[in-house]
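Here is a friendly tour of one protein model. Take a look at the structure, then follow the notes below.

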Amino acid sequence: MAQISQYLELYPMMTPELPGCPDPVKLQALQRGGRQFCERTEAWREFLESIDLVDETVDYDLQPEYNAEIRKIVAVRINTEEGVTNGDDGALQDKSLYEWDPDTEILTLDDSLEPTEDITSGLDVKVVLVPYLTTSELPQWFINRYADYLVAWAMVDLMTRPEKEWSNMVRAKFYQTEYQRGVGIAKKDVADEYKEENDGMQA
């Protein structure tokens, strides 16, 4: 499969089995499926764009690049000016040393971590993201990794709708099994990533 990033690029995987189904309906099913998949698996994880540390400031507004909400903070790293220059990873902070308020989207560092100088790109935050129902684009690495399972959820949703030209309970059962398989794969990906990160810390 060529590298894709938008839901609409998944339509060719769906159209042959959905005669008469309008594209906007397919899009809505994919958007719902993408959100449900991310909520269930927490597989969409990535570092936000590096944030500038500001002298004597502990509150930082976190804004994802994509049209998505931050569901969880996975890791917080604080770097030095020298470390940033050298391309080093910042020091991983214990979870007890910061708080995340999902209502305000503010990350608050513990007073013990209060910066004593400005450091450009000194704060790196890894998060779990969940797309909004209006999201039409996902990162390439994510949608290409899990495309089959996003499509599977959408196919179940569409094929189980009663009295549609494309209704098909037999195929819906197949896609339900495929979706469940994808959930298992995504959860294993998350577990493997967690293990790798912890092994790296202990090395």
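Helices (H or I, at least four residues) and strands (E, at least two) are DSSP runs, numbered from the N terminus. The expected span of a helix is 1.5 Å times one less than its number of residues. This is a predicted model, in which local features need pLDDT of at least 70 and side-chain atom pairs count only at pLDDT 80 or more, while totals for chains, interfaces and linings use all residues. Residues are numbered from 1 along each chain as its sequence is written, and side-chain values use heavy atoms, leaving out hydrogens and water.

**Helix α2**
- Helix α2 covers residues 23-41, 19 residues in total, and its first and last C-alpha lie 27 Å apart, close to the 27 Å expected.
- Its buried residues (under 20% relative accessible area, with exposed over 50% and partly exposed in between, using a 1.4 Å probe and protein chains only) include Val 25, Leu 30 and Phe 37.
- Just after α2, Glu 42 takes a positive phi of about 55 degrees.

**Gln 31**
- Gln 31 sits in helix α2.
- Why does Gln 31 count as buried? Because its relative accessibility is 8%.
- Gln 31 touches (heavy atoms within 4.5 Å) Tyr 7, Leu 133, Thr 134, Thr 135 and Ser 136, not counting residues up to four places away in sequence.

**Asp 124**
- Asp 124 belongs to strand β8, residues 119-131.
- Leaving out residues up to four places away in sequence, the contacts of Asp 124 include Phe 47, Ala 75 and Val 76.
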